[in-house]
Amino acid sequence: SANDAPRAQQPSAAYDSAFLKACRREPVPHTPVWFMRQAGRSLPEYRKVREGTAMLESCMRPELVTEITLQPVRRHGVDAAIYFSDIVVPLKAIGIDLDIKPGIGPVVEHPIRTRADLAQLRDLTPEDVSYVTEAIGLLTRELGATPLIGFAGAPFTLASYLVEGGPSRTYENAKAMMYGDPELWADLLDRLADITAAFLKVQIEAGASAVQLFDSWAGALAPVDYRRSVLPASAKVFEAVAGYGVPRIHFGVGTGELLGLMGEAGADVVGVDWRVPMDEAARRIGPGKALQGNLDPTVLFAPTEAVEAKTREVLASAQDLEGHIFNLGHGVMPSTDPDALTRLVEHVHALTAR
Ligand code: CP3
């Protein structure tokens, strides 16, 4: 990991999995399925093992991370695991004073508003997140042929928390910096790109077989601003991990107008929320990329027949794609009935078995 030039990853036990084949746009035995936020509060076994341990503390305990990551794989039979962590973990690891408040989300003690505030950001080293390397080592052994997805927050979404100081609906402070001091904004995003790239490299070198960049809140931006003020930093992250040959997924919410640009940023797979049908998303993204999505997570609160009808609708709109990974259009909501998720996995597998 001291080497700057990434070495191409050796084919792992998961190389021939349906998920990785779909990412590479190769023929698959069935459409692979996983869910964003598949590990978490929808599962009673998660709530049980998390009892009495704060979210960020949980992310630093390799045995607990391993158990929580495996829970949805055991219960639902999903085609991939996603590493249990949070997008603010690398920021905490470089010493930023932040916490994840239950029911609220990440809260930053000293928001970044001025050039002097940038001093809070330093480079991330593998030693800062040794618990991640350890947990992924444990996990890949347990998972065998099931692929493990690593992830990180994209520079814009991380900046939205750092500049606002917490969750926001409007991103007024972040946008004020983006429009009012474009140089400071660019420097902030560039530093976050380096931290994010370093964090993804740790996960890939430890054995993650794909990575997802969450730019969850990029949908707040107009295409012209996304292209000028955000895309260069996200492109830097994708470029930094290109040499490993592991699929790179790019996801955001409300990004219908940005799908083409999010593909251009360098991803192999573009995640789509439920607002744009998959065939239309494919037209916007263009050839050469697999797509991931896009059942509305609230559909899972409807009766099984309605879930199945909406599932068939997603699969029909995705039938001509070069590669399709079935997912929700955003994360599993905490009050979702876990049995509805298990049924959904079975249904997608049954409908798409070749
Ligand atoms: O299963 C998985 O998908 C992996 C787990 C995961 C978590 N956070 C665990 C978590 C992932 C992929 C994330 C990413 C993340 N975190 C994003 C991007 C994904 C998205 O949903 O768009 C964002 C924006 C965050 C920031 C964040 N962290 C929020 C908004 C919250 C929710 C606050 C709340 O309590 O409702 C968190 C906390 C968090 N991250 C929880 C979990 C399981 C809930 C805390 C808990 O269980 O105690």
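My entries run from the whole chain down to single residues.

**Entry 1: the whole chain.** I noted before anything else that this is a predicted model. I then went through the secondary structure and found 15 helices and 9 strands. For overall dimensions I took the C-alpha trace along its principal axes, which spans about 55 × 45 × 40 Å. I also wanted to know how the radius of gyration fits a compact globule. A compact globule of 354 residues would come out near 20 Å, and the chain has 19 Å, so the two agree. Burial was my next check: 48% of the 354 residues count as buried. Looking at contacts with a separation of 6 or more, I saw that 73% of them link residues 24 or more positions apart.

**Entry 2: the sheet.** Which order do the strands take? I read it as β1-β4-β5-β6-β7-β8-β9, an open sheet of 7 strands with parallel pairing. At the edges I have β1 and β9, each pairing on one side only. Helix α13, residues 278-285, packs on this sheet and touches β7 and β8. I wrote down the angle between the directions of α13 and β8 as about 145°.

**Entry 3: β4 and its partners.** I followed β4, residues 148-153, to both of its neighbours. Toward β1 (residues 81-82) I counted 2 bridges, with the strands running parallel, and I82 has I149 as its bridge partner in β4. Toward β5 (residues 210-214) there are 5 bridges, again in the parallel sense, and here F151 stands opposite Q212.

Then I asked myself how many residues of β4 are buried. The count is 6 of 6, so I have the strand down as mostly covered. As a reminder to myself, side chains in a regular strand alternate between the two faces of the sheet.

**Entry 4: β6 and β7.** Further along the sheet, I looked at β6 (residues 248-251) and β7 (residues 269-271). They run parallel and are joined by 2 bridges. Here I249 stands opposite V269.

**Entry 5: helix α7.** Is this helix, residues 155-164, buried or exposed? I found 10 of its 10 residues buried, so the rest of the structure largely encloses α7. The buried set includes F156, L158, Y161 and L162, and also takes in T157, S160 and E164. Just after the helix, I noticed that G165 takes a positive phi of about 90°.

**Entry 6: around the ligand.** I counted 21 residues around the ligand, and A39, G40, G105, F214 and S216 come nearest.

**Entry 7: D337.** My last stop was a loop residue. D337 sits between β9 (324-328) and α15 (338-352). Why does D337 count as exposed? I found 11 C-beta neighbours inside 10 Å, and the cut-off for exposed is 12 or fewer. I also took one distance from here: the C-alpha atoms of D337 and V28 are separated by 29 Å, and the two residues lie 309 residues apart along the chain.

Note on methods:
Residues numbered from 1 in each chain as written. Predicted model: local features only at pLDDT ≥ 70, side-chain atom pairs only at ≥ 80, totals over all residues. Helix = DSSP H or I, 4+ residues; strand = E, 2+ residues; numbered from the N terminus. Buried ≥ 20, exposed ≤ 12 C-beta atoms within 10 Å, placed from the backbone. Near = placed C-beta within 6 Å. Pairing = 2+ DSSP bridges. Rg over C-alpha atoms; globule rule 2.2 N^0.38 Å. Contact = placed C-beta atoms within 7 Å. Axes fitted to C-alpha atoms, helices over the stretch in contact; angles between N-to-C directions.
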